[in-house]
Amino acid sequence: MMLLEHDAKTVLAEHGVPVPQGFLTSSVSDEPPFDFPWVVKAQVPVGGRGKAGGIVVARNRDEYDKALERLLGSVLLGHRVRHCRIEAAVTGQECYLAIILDASTARVTVLASELGGIDVENHAAEGMRSEKVDYTQPAVLAAIESLAGQFNTPVANAMRDVGKKLCNAFFERELMLAEINPLFVLADGTWVAADAKVVIDDNAIDRQPYLHALLTERSADYEAANVKLTHGFDFVKLDDLGDVGLVTTGAGLSMQLVDELQRQGCRPYNFCDIRTGQFRGQPDRLIDALQWMAQAPSVKVVLMNFFAGVTDLAELAKLMLIALERTPQLRAPVIVRIVGNGIDSAKAIFAAAPVPLTIETDLDIAVSRVVAIARGHSGTSPTTSHTKAVA
Ligand code: GDP
Ligand code: MN
């Protein structure tokens, strides 16, 4: 599950990552104990708050009060804002640094860019550097060192320093995603993490008393944010009016998918990390997921994304078919992106799906199909675009 920014910063700061001075508030009366300007940041467990108006730089007391009055209690990106984090505002160069676990391959991707900020996706190709390594601390540290070396000082120093600390937090807390965007590199050559996105592994909470205590202390916020932990997999509603339902696996990859869909103008209904390895032949969790989505009239299309390393896709397809058959109320077309063992058998099984179902192996193509349907530009209605199990 994804932590709120305030908690993500607490987790990273404990490992030495420098974060701006800040505190959490749920009322308008608090006077921040530091100088103007302040940043007022809505605490909802989803990215893209800046673009949605959830991040306000307040230059004086009046702007501060107005920002809090507007944000507290409002619904932002499908979540009620119960708290805002107030921070001393910083200015500088906005960089990007992330460590992402790909659970299906047990590999880790390290991403770094000196062109961070809310438009990071737009210049991803030109500015983003990445390395994919094994899930070991020395391998990730080496990747950070090699990436940092490709930037000039002081950005290189910032990446090296924050990268090491992020890496320690990533391994010690068994994180699935640790992202800093923006990492501000200031004019005086110092640096500070202005935003932090952390996805924890629910299965690790029992082994992580620190995370357990943090979540318990803030349970009201997480419950209010619609975070469901009861199924043993991550299912977070992102947007009450979302148009794309997601049945996906891999927390980091699923986060990226949510970001990409939002970038292309869609409103993902949920975040999902369904963990195919834990199905053990039972379709129950898939049925739960589909029935939950079928209740949302705004969901126009369902995207399933699985790539099987160990799992046999034919087995997965059988379970998905059962789940689709047991969810007759689901009307939305389904786009399935699968790569891996048994893909031909999986296609044959999916041919019997009770809804329009399209199979793609290329993620970009799958996403563009989803975007077209969500925006109503598919050209054909779901019933006529009956492209079942394209060979
Ligand atoms: P997100 O949109 O949910 O990722 O929220 P962020 O915390 O990243 O805030 C969005 C954007 O607001 C950032 O990319 C920055 O450009 C800007 N921002 C956030 N904090 C500060 C700050 O302290 N100072 C300044 N100048 N900009 C900030
Ligand atoms: Mn951010």
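Tutor: A polar contact here is a pair of N or O atoms within 3.5 Å. Keep that cut-off in mind, and remember that this model is predicted.

Student: Thanks! How far is the backbone N or O atom of Gly50 from an oxygen atom of ligand 1?

Tutor: Gly50 is among the closest residues around ligand 1. A polar contact needs N or O atoms within 3.5 Å, and the backbone of Gly50 provides such an atom for an oxygen atom of ligand 1, at a distance of 2.8 Å.

Student: Which residue has a side-chain N or O atom 3.0 Å from an oxygen atom of ligand 1?

Tutor: Two side chains are worth checking. The side chain of Arg49 places an N or O atom 2.8 Å from a ligand oxygen. The 3.0 Å contact belongs to the side chain of Glu94.

Student: How much of the accessible area of ligand 1 does the protein cover?

Tutor: On its own, ligand 1 has 560 Å² of accessible area. The protein around it covers 85%.

Student: Which strand gives the most to the shell around ligand 1?

Tutor: The shell holds 16 residues. With three residues, the top contributor is strand 10.

Methods:
Residues numbered from 1 in each chain as written. Chains lettered and ligands numbered in written order. Predicted model: local features only at pLDDT ≥ 70, side-chain atom pairs only at ≥ 80, totals over all residues. Heavy atoms only, no water. Near = heavy atom within 4 Å. Polar contact = N/O pair within 3.5 Å; in protein donor to acceptor, adjacent residues only side chain to side chain. Areas by Shrake-Rupley, 256 points an atom, 1.4 Å probe, with all protein chains shown as cover. Helix = DSSP H or I, 4+ residues; strand = E, 2+ residues; numbered from the N terminus.
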